[in-house]
Amino acid sequence: KICLHSISMAILLCMAWAIFIEPYQLSVTHLEIPTDKLAAGTSFKIAFLTDMHCSGKTSREEEIPGIIRDFNPDIILFGGDYLNSVKGLPVLKEMVSNLPQSVNGIYGVYGNWDKYINVFRIEDAGIKELAGSLKVRPGESDVVSVSGMDYYPHNKSFEKIKTAARDNE
């Protein structure tokens with residue numbers, strides 16, 4: 001009985017975390033990657049958002065545009081898992097419409113959750129699909145190659161995408 005009660009309690013705690021705590025957490029990480037492939041004094045700032053899992057009600061989505069605006073990125077990228085259900089589409093659209101228009105646009109790929117629920121196209125939310133590579137210029141002579149691929153188990157596209165970037169990009 002003790003084992004069964006312990007397992008039941010663990011399941012209830014996980015469910016409580018998933019419903020009442022995790023959806024309201026917002027994590028911001030700043031990462032600087034030095035490279036000699038950009039001209040001295042040039043930078044390229046990427047805002048990467050992922051695993052939004054928007055539902056019919058907002059949790060922290062209304063805070064995101066201000067955070068992104070303060071960061072002032074050159075490009076905004078989404079890593080997938082946008083919605084928990086079709087009810088989250090208005091919340092996602094509202095958030096994306098309030099994002100700053102970055103110099104190089106707003107792009108995204110589909111995540112595993114998006115493939116499972118298959119309820120929308122990211123273009124419906126104002127996000128351009130990034131399938132393959134995109135070349136952007138942070139300076140007059142520099143080129144940054146931004147690549148993306150959707151989630152598919154055992155996707156073989158990574159090597160092809162990786163080789164599309166030249167050594168100086």
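How many Å apart are the mean positions of the positive and negative charges of the protein chain? For the 17 positive and 21 negative charges, the answer is 5 Å. Keep in mind that what we're looking at is a predicted model.

Okay, the overall picture. The protein chain has five helices and six strands, and from the N terminus they go α-β-α-β-α-β-α-β-β-β-α. Along the principal axes, the C-alpha atoms fill a box of roughly 70 × 35 × 30 Å. There are 169 residues, and 33% of them count as buried. If you take contacts between residues at least 6 apart in sequence, 71% join residues at least 24 apart.

Now the inside. The largest nonpolar core has 22 residues, and those touching the most other members are Leu49, Ile76, Phe78, Tyr82, Leu92, Leu99 and Ile127. At least two residues each come from β1 (46-49), α2 (64-71), β2 (75-78) and α3 (89-97), with α3 giving the most, five residues. Look at Leu99: leaving out residues up to four places away in sequence, Leu99 touches Ile64, Pro65, Ile68, Ile76, Phe78 and Ile106. There's also a second, separate core of 11 residues, with Leu38, Leu77, Val109 and Leu130 among them.

Let's zoom in on α2. Its buried residues are Ile64, Pro65 and Ile68. They span an arc of only 95° around the axis, so they sit on the same side of α2. The cover over those buried residues includes β1, β2 and α3.

Methods:
Residues numbered from 1 in each chain as written. Predicted model: local features only at pLDDT ≥ 70, side-chain atom pairs only at ≥ 80, totals over all residues. Heavy atoms only, no water. Core = buried A, V, L, I, M, F, W, Y, C linked by side-chain atoms within 4.5 Å. Buried < 20%, exposed > 50% of the residue type's maximum accessible area, 1.4 Å probe, protein only. Helix = DSSP H or I, 4+ residues; strand = E, 2+ residues; numbered from the N terminus. Contact = heavy atoms within 4.5 Å. Arc of directions from axis to C-beta. Lys, Arg positive; Asp, Glu negative; His and termini not counted. Charge placed at Lys NZ, Arg CZ, Asp CG, Glu CD.
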